[in-house]
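This briefing is meant to be read with the sequence and the three-dimensional view side by side.

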Amino acid sequence: MLPRLKTALPVWMHDWLDIIVPSVQIVLIVLAALLLQRLLLRIIMRASDHYQFPHELLTPINAVVRWLILGSAGLLVLERLGVSAAVLWTAFTGFATVGAVAFFAAWSVLSNLFCAFLIFTVGPFRVGDHIELLDTADKPGALGRVMDINLLYTTLEDATAPEPGTLLQIPNTLIFQRVVRRWRAGTPVPESRLHPAPDSAACAATAREPASTPAPKPASFP
């Protein structure tokens, strides 16, 4: 396209074309990136309103979409400025390597974020439900009402604590590693779960203890 323009224009404009054409292309790339970003964010907001996604989930999704679009636009701009594709590929692989190392270093945090995404989308429980985390189906664990679900923790109001208002903050990954017993909002929790029965082994040990005998009275002499 540029050679055709040079043949159609006078010689004194050829140097200006080498500046104007890349500048117009860069402006078009930036405008297209901004329009694409706004379009995708609007689609995400509509999907959030339709499927009732929590606002905590929208923040990381919007950030990922924004940085992907801006990064792609930046690579295209650098290419228009004359940076070779080999240099761009080398830089990309270097950033990807650093990102992979950072990903594995922060895996414990990122796993909580991923589990939060699963909780929001799959919906194994909701805010207001009562849940109990179990190692097995018979061994009791943390029991309480779900007060909040964020990107790192699920907050429960402990239903078995002697003091009311005691909160438990459980990492989201721990929830996916346990059996979860759930009572939907409005369903009463059985009293046997709120006040679990004493251990049968402890009861048997108490039953085997001999009954205490009264101490013998001292002998009295006339």
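A residue is called buried when its relative accessible area is under 20%, exposed when that area is over 50%, and partly exposed in between. By that rule Glu-157, at 25% relative accessibility, counts as partly exposed. The model is a predicted one, and every value below was computed from it.

**The sheet**

- Five strands form an open sheet in the order β4-β3-β2-β1-β5, and their pairing is antiparallel. At the edges stand β4 (167-171) and β5 (179-183), each of which has a single partner strand, so one side of each is left without a neighbour in the sheet. Direction ignored, neighbouring strands of this sheet are turned against each other by 40° on average.
- Strand β1, covering residues 130-134, runs antiparallel to strand β2, covering residues 143-149, and three bridges join the two. Within this pairing, Ile-131 is placed opposite Gly-144 of β2.
- Five bridges connect β2 with strand β3 (residues 153-158), again in the antiparallel sense, and the hairpin that joins β2 to β3 passes through three residues. Here Val-146 has Leu-156 of β3 as its bridge partner.
- The antiparallel pairing of β3 with β4 also runs over five bridges, with Tyr-153 standing opposite Pro-171 in β4.

**The nonpolar core**

- The largest nonpolar core is made up of eleven residues, namely Ala-116, Ile-119, Phe-120, Phe-125, Ile-131, Leu-133, Val-146, Ile-149, Leu-156, Ile-170 and Ile-175. Two or more residues of this core come from each of α5 (107-122), β1 and β2, and α5 gives the largest share, three residues.
- The bridge partners Val-146 and Leu-156 both belong to this core, as does Ile-131, the residue that stands opposite Gly-144.
- In soluble globular proteins, nonpolar side chains tend to be buried together.

**Salt bridges**

- How many salt bridges does the structure hold? There are three of them, and they are described one by one below.
- Arg-182 and Asp-129 form a salt bridge in which the closest N and O atoms are 2.9 Å apart. This pair links distant parts of the chain, since Arg-182 lies in strand β5 and Asp-129 in the loop between α5 and β1, 53 residues apart. Arg-182 is partly exposed, at a relative accessible area of 27%, whereas Asp-129 is buried, at 4%.
- Glu-132 and Arg-181 meet through their side chains in a salt bridge of 3.0 Å, N to O. Glu-132 belongs to strand β1 and Arg-181 to strand β5, so that two distant parts of the chain, 49 residues apart, are linked by the pair. Glu-132 counts as buried because its relative accessibility is 1%, which is under the 20% limit, while Arg-181, with a relative accessible area of 26%, is partly exposed.
- Arg-145 forms a salt bridge with Glu-157, the closest N and O atoms lying 3.2 Å apart.
- In general, side chains of opposite charge can pair when their charged atoms come close.

**The helical surface**

- A nonpolar patch on the surface is formed by Ile-19, Ile-20, Val-24, Val-27, Leu-28, Val-30, Leu-31, Leu-34, Trp-67 and Leu-70, which together have about 930 Å² of accessible area. At least two residues of this patch come from each of α2 (14-51) and α3 (55-80), and the largest share, eight residues, is that of α2.
- Val-27, one of the patch residues, has its place in helix α2 and is partly exposed because its relative accessible area is 47%, a value that falls between the 20% and 50% limits.
- Leu-75 is found in helix α3, where it is partly exposed with a relative accessible area of 37%. Leu-75 and Trp-89 are 14 residues apart in sequence, and their C-alpha atoms are 9.7 Å apart in space.

Conventions:
Residues are numbered from 1 along each chain as its sequence is written. This is a predicted model: local features need pLDDT of at least 70, side-chain atom pairs count only at pLDDT 80 or more; totals for chains, interfaces and linings use all residues. Side-chain values use heavy atoms; hydrogens and water are left out. Patches are made of residues with over 30% relative accessible area and no salt bridge: like charges are joined within 9 Å, nonpolar side chains (Val, Leu, Ile, Met, Phe, Trp, Tyr) within 5 Å. Accessible areas come from the Shrake-Rupley method with a 1.4 Å probe; for residues, only the protein chains shown count as cover. A salt bridge is a side-chain nitrogen of Lys or Arg within 4 Å of a carboxyl oxygen of Asp or Glu. Helices (H or I, at least four residues) and strands (E, at least two) are DSSP runs, numbered from the N terminus. Buried means under 20% relative accessible area, exposed over 50%, partly exposed in between (1.4 Å probe, protein chains only). Two strands pair if DSSP finds at least two bridges between them. Axes are lines fitted to C-alpha atoms, for helices over the stretch in contact, and angles run from 0 to 180 degrees between N-to-C directions. A nonpolar core is a set of buried Ala, Val, Leu, Ile, Met, Phe, Trp, Tyr and Cys residues joined through side-chain atoms within 4.5 Å.
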